[in-house]
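Please look over the sequence and the structure shown below before reading on. The briefing that follows takes up charge, overall build and a few selected residues in turn.

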Amino acid sequence: MELRVLRYFLAVAREESICGAAESLHLSQPTLSRQLMDLETELGKKLFVRGNRRITLTEDGILLRKRAGEILDLVEKTTGELTAEDTELTGDIYIGAGETQGVHFLTRTARQLQAQYPGVHFHISSGDTADVTEKLDKGLIDFGLLFDPINTSKYNAHPLPRADIWGLLLRRDHPLAEKTSISPSDLAEQPLIISRRSQNGGSLRNWIGREFERLNIIATYSLVYNASLMVEDGLGAALCLDGILNTTGDSPLCFRPLAPAVRASMSVVWKKHQVFSAAAEKFLALLQQC
């Protein structure tokens, strides 16, 4: 597969039209159609369903769209690293992070580095642990901000001097909103919304104990903003970390910490034996001063 053809494929997937993609690529429709048919022949897979009005992707086409995007992102990242000027620090730094106030450690370090070296640029993508580690493993990002425990057999880690607090996100008219803290017994029979990671273990599951399996979990989330909308619309209460959402002032929501307190410590991680660009090395050196 040629990178040029992968770009053609992504253009058609985006436009859902040979005509629209050909126009955006400045190609003739017959040329683009032939390139796509050659790609299907090369792979031995049908990638498109060609309808009267638009083109849709087959299951194999959906998979290729994801992989092609990752391949081209990695090529762009690598090209930027290799073509960076030697005379002055330049380049791009890619970071994946969950939702936490701990991101301030990354952004403050980024500001410090960028002030010294204006040619350094930063790209932060949001996601939960599964999203971030997938990108780390594929080389699509340089660093990830993850909550402990960290898989130290795969990643090096720099612990940050911060821990977030777990609690319950509620509507202000919820009966539990009258409490100053939430105990495990308070969660019995409550319709709950929990993070995708919490289903598989961790400090939150340990805090609840054997009763975890009896919880009335009606929904899961990977980003807490979406969970807050479910809470606001009365779907349930969400177990989440403090400091991510503004629950002050006119907000219809409130946050109540768990008791005994459950803290989530965090670390910046990178793959073992990672070969960094000069910009990423400088960023890490500054970050490790935190």
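In this predicted model, the mean positions of the 32 positive and 36 negative charges of the protein are 3 Å apart. Lys and Arg count as positive and Asp and Glu as negative, while His and the chain ends are not counted; the place of a charge is taken as NZ of Lys, CZ of Arg, CG of Asp or CD of Glu. Because the model is predicted, local features need pLDDT of at least 70 and side-chain atom pairs count only at pLDDT 80 or more, whereas totals for chains, interfaces and linings use all residues. Residues are numbered from 1 along each chain as its sequence is written, and side-chain values use heavy atoms, with hydrogens and water left out.

**Salt bridges**

- A search of the whole structure finds 16 salt bridges, a salt bridge being a side-chain nitrogen of Lys or Arg within 4 Å of a carboxyl oxygen of Asp or Glu.
- One of them joins the side chains of Arg 50 and Glu 40 at 3.4 Å, N to O, and this pair links distant parts of the chain, with Arg 50 in strand β1 (residues 48–50) and Glu 40 in helix α3 (residues 29–43), 10 residues apart.
- Glu 40 counts as buried because its relative accessible area is 13%, whereas Arg 50 is partly exposed at 43%; here buried means under 20% relative accessible area, exposed over 50%, and partly exposed in between, with a 1.4 Å probe and protein chains only.
- Glu 213 and Arg 205 meet through their side chains in a salt bridge of 2.1 Å, N to O, in which Glu 213 is exposed at 60% and Arg 205 is partly exposed at 21%.
- The salt bridge between the side chains of Glu 211 and Arg 214 has an N to O distance of 3.8 Å; Glu 211 is partly exposed at 42%, while Arg 214 is exposed at 67%.
- A network of salt bridges links Lys 66, Arg 67, Glu 70, Glu 134 and Lys 138.

**Arg 256, a buried charge**

- Arg 256 lies in strand β10 (residues 253–257), and although Arg 256 is buried, it has no salt bridge, since the nearest side chain of opposite charge, Asp 242, is 9.0 Å away.
- Which backbone oxygen lies 2.8 Å from a polar atom of the side chain of Arg 256? That oxygen belongs to Lys 179, and the side chain of Arg 256 also reaches the backbone oxygen of Ala 177 at 3.0 Å.
- Leaving out residues up to four places away in sequence, Arg 256 touches several residues, among them Gly 167, Leu 168, Leu 170 and Ile 182, where contact means heavy atoms within 4.5 Å.

**Arg 65, a partly exposed charge**

- Arg 65 is placed in helix α4 (residues 59–82) and counts as partly exposed because its relative accessibility is 38%.
- Apart from residues up to four places away in sequence, Arg 65 touches Phe 9, Leu 10, Ala 13 and Leu 57.

**The protein as a whole**

- The secondary structure comes to 9 helices and 11 strands, which are DSSP runs numbered from the N terminus (helices H or I, at least four residues; strands E, at least two).
- Of the 290 residues of the protein, 41% count as buried.
- Among the contacts with a separation of 6 or more, 72% are accounted for by residues 24 or more positions apart.
- The C-alpha atoms fill a box of roughly 70 × 55 × 40 Å, taken along the principal axes.

Note on methods:
A polar contact is a pair of N or O atoms within 3.5 Å; within protein, one must be able to donate a hydrogen and the other to accept it, and residues adjacent in sequence count only if both atoms are side-chain atoms.
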